[in-house]
Amino acid sequence: VSQSRYPLLESHLSHNFNKKFWSSVSLRYRQGGETEADGKADDNEMQILGAAVGLGYQILPFLGVNADYGQILYGYNDAESDMLRVALVVSYANLKKK
């Protein structure tokens, strides 16, 4: 059973180089997630501080692409992780006046 009462804190700093190209730096802290089996705690709670850097490019007004690389800086319980994420973002907004 995952415990959801523990915090997840995120902070993002971004910089626009021009109208289409941007970069970002992120920090993330998560605590919790301890499981239990047969009513007994497994003593596997997470305490993780992670960071990521990213780049993004707006291809068209409704289409963008961004890539992030992140890893765990500090992880209680010997947590280790690297992440590379590439995303294609399609945005839709109905801007017609009624």
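Strands here are DSSP runs of E with at least two residues, numbered from the N terminus. The model is predicted, so local features need pLDDT of at least 70 and side-chain atom pairs pLDDT 80 or more, while totals for chains, interfaces and linings use all residues. Residues are numbered from 1 along each chain as its sequence is written, and side-chain values use heavy atoms, without hydrogens and water.

Leu8 has Arg30 of β2 as its bridge partner. Four residues lie between β1 and β2 in this hairpin.

Now select Phe17, Phe21, Leu55, Tyr57, Ile59, Leu60, Phe62, Leu88 and Val90. They make a nonpolar surface patch of about 860 Å². Patch members have over 30% relative accessible area and no salt bridge, and nonpolar side chains are joined within 5 Å. Strand β5 (46-60) gives the most, four residues. Zoom in on Leu88, in strand β7: it counts as exposed (over 50%) because its relative accessibility is 60%.

Last, select Asp68 and Arg85. They form a salt bridge (a side-chain nitrogen of Lys or Arg within 4 Å of a carboxyl oxygen of Asp or Glu), with closest N and O atoms 3.2 Å apart. Asp68 is in strand β6 and Arg85 in β7, 17 residues apart. Asp68 counts as buried because its relative accessibility is 10%.

Definitions and conventions. Two strands pair if DSSP finds at least two bridges between them. Patches are made of residues with over 30% relative accessible area and no salt bridge: like charges are joined within 9 Å, nonpolar side chains (Val, Leu, Ile, Met, Phe, Trp, Tyr) within 5 Å. Accessible areas come from the Shrake-Rupley method with a 1.4 Å probe; for residues, only the protein chains shown count as cover. Buried means under 20% relative accessible area, exposed over 50%, partly exposed in between (1.4 Å probe, protein chains only).
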